[in-house]
Amino acid sequence: MKMKDKQAIIVLSFAGFLLLWIIDACIDSLVFHETFLSSFFDFSPHELYFRIFVMLGLIAFGVVIIRMKTKRRLAENRYENLVELAADIIYVADKDGNQTFMNDAAYKILGYTPEQVIGRPWLELIHPDDREKTSERYRGMIEKNIDVFNFENRYLTRTGNVISVIHNVRLLRDKKSAFAGTQGIARDITKRKETEEGLKIAIEKIEDEKARSEAIISAIGDGINILNRDFRIIYQNDVQKSMPGGDRVGEICYLAYSQGGHICEGCPVAASFHDGQIHTLEKLLVRGHEMQTLEIKASPLRDSTGQVIAGIEAVRDITVRKKAEEQLKLFSEAIEEAMDGIQIVDLDGTVVYSNKAVEEIYGFSPSELAGKHVNEMNADREFADRVIIPHLKMSGRWNGELMVVHKDGRVFPVWISTSMVKNEQGKPIAMVGIIRDVTEQKQAEGILKRHREQLMKLVEDRTRELTQANEKLHN
């Protein structure tokens, strides 16, 4: 108990005691027909004991009253301290909707002073777009006699900032239980709303990405399987479901497709799980009387920490491609082993490919010829640009004989048949030439020509001799 309270008890107790003493003296003077003074200064034992007892009772009563007031004041101070220390907006309004109290946090958050708020309608602090809806809720709460009500709206601060709050409002009532006003707590949830909005946007983005990814995966021409670490199929796109074997989602991969009790030998998914790399496997299947070749490419699927959590398996039917590759290989081998030289050059005349026969003709290996211009092998270094290439571009073909230079420097004749190569759209993409060394042919033609000339000379000589002999006979 404070000294001030003790002094108050003493003063009040003495005043009460003096008042009761005077009252007691007045009563005694009236009852016993004594003078007031004699009754007042009567210090007989019974009067003295009675008055001392009364004084002690007053002191005790004063102590009790002071203690009750002290507890009440402490409780009020504690309540006021809690209100002022609160980080939320705490407010009280009268039955007409005018503010009668706001705590320090309210002034700090909203940016107003007490003079600007107290006595004014609380609705003025609400964001203009939320006032009508808030007012309807407020009236509905009063009309329906709802003591406690929760709702969200927005405050507009003095600086023009918008903050979102959630209200917990309670009705105040007078002694007759009539509506007397409201008191409430408004918590700033702006950051939470922003977080929720950001989360909502993020979720929508994830959903969009998921839908887009699923659409892309579904549209891919390859079959797609996603397997967890237990080799259970957790996803298949439509292409995979349409392949032999059908929909196998939820099943163990090697049990569903190989009918075996263990992981398939050379499984690319198992290899990806082991080292986290991409692995490819070609698998040959027998479908009735037909052979089918599948290319299976597996890659690891990782979580945000880099841990491999699943495997993606892309299955492609490469039967047609394998047959085309076999045919191409056969065609390539045929060209490579051809007796005549075969050479492919681009539209500028640069050598792209030469087979083995070209090396036998020119003496240069295919690697030495690659990247060279065809003019570098011609005796006339401008013949190709001047004659062959322009003619090819104009008519698509050129055949003829020309002199070329061997690697050892000797010059010899070749016969070249060239044509333009076009793509599916009919656009020229390259030129191909078939080259034949005609040295021996030319030599044979020379020998044959000489023999023909000798024979003609012999015939002429014999004819002349016969003519002369005939003339002699007639003479």
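Predicted model: local features only at pLDDT ≥ 70, side-chain atom pairs only at ≥ 80, totals over all residues.

Trainee: Which elements give two or more residues to the lining of the largest cavity?

Mentor: The largest cavity has a volume of about 220 Å³, and of the 16 residues that line it, the closest to its centre are Gln343, Val345, Val374, Ile416 and Thr418. By class, this lining has twelve nonpolar and four polar residues, with no charged ones. The elements that supply two or more of the lining residues are β11 (341–345), α14 (383–395), β14 (411–422) and β15 (428–437).

Trainee: How many charged residues are in the lining of the second largest cavity?

Mentor: In the second largest cavity there is about 150 Å³ of space, and Tyr91, Trp122, Tyr138, Phe151 and Val169 are the closest to its centre among the 16 residues that line it. At least two lining residues come from each of β1 (89–94), α6 (128–143), β3 (148–156) and β4 (162–173). Sorted by class, the lining has ten nonpolar and five polar residues, and the number of charged residues is one.

Trainee: Which strands are the edge strands of the open sheet of five strands?

Mentor: The strands of this open sheet follow the order β12-β11-β15-β14-β13, and their pairing is antiparallel. An edge strand pairs on one side only, and the two that do so here are β12 (351–354) and β13 (397–405).

Trainee: What angle does the direction of α14 make with that of β13?

Mentor: Nine bridges join β13 to β14, its antiparallel partner, and Met403 stands opposite Pro413 in β14. Helix α14 packs on the sheet, where it touches β13, β14 and β15, and its direction makes with that of β13 an angle of about 165°.

Trainee: Which element gives the most to the lining of the largest pocket?

Mentor: The largest pocket holds about 490 Å³ of space and is lined by 27 residues, with Tyr257, Lys283, Leu285, Leu294 and Ile296 nearest its centre. Its lining divides into 17 nonpolar, five polar and five charged residues. Elements that give two or more residues include β6 (223–228), α10 (268–275) and β9 (290–302), but the one that gives the most, with four residues, is β8.

Terms used:
Residues numbered from 1 in each chain as written. Heavy atoms only, no water. 1 Å grid on protein atoms, 1.4 Å probe; cavity = no way out; pocket = protein on both sides within 12 Å on 5 of 7 lines; lining within 4 Å. Points joined across faces, edges and corners; volume = space filled by probe spheres on them. Nonpolar A, V, L, I, M, F, W, Y, C, P; charged D, E, K, R; others polar. Pairing = 2+ DSSP bridges. Contact = heavy atoms within 4.5 Å. Axes fitted to C-alpha atoms, helices over the stretch in contact; angles between N-to-C directions.
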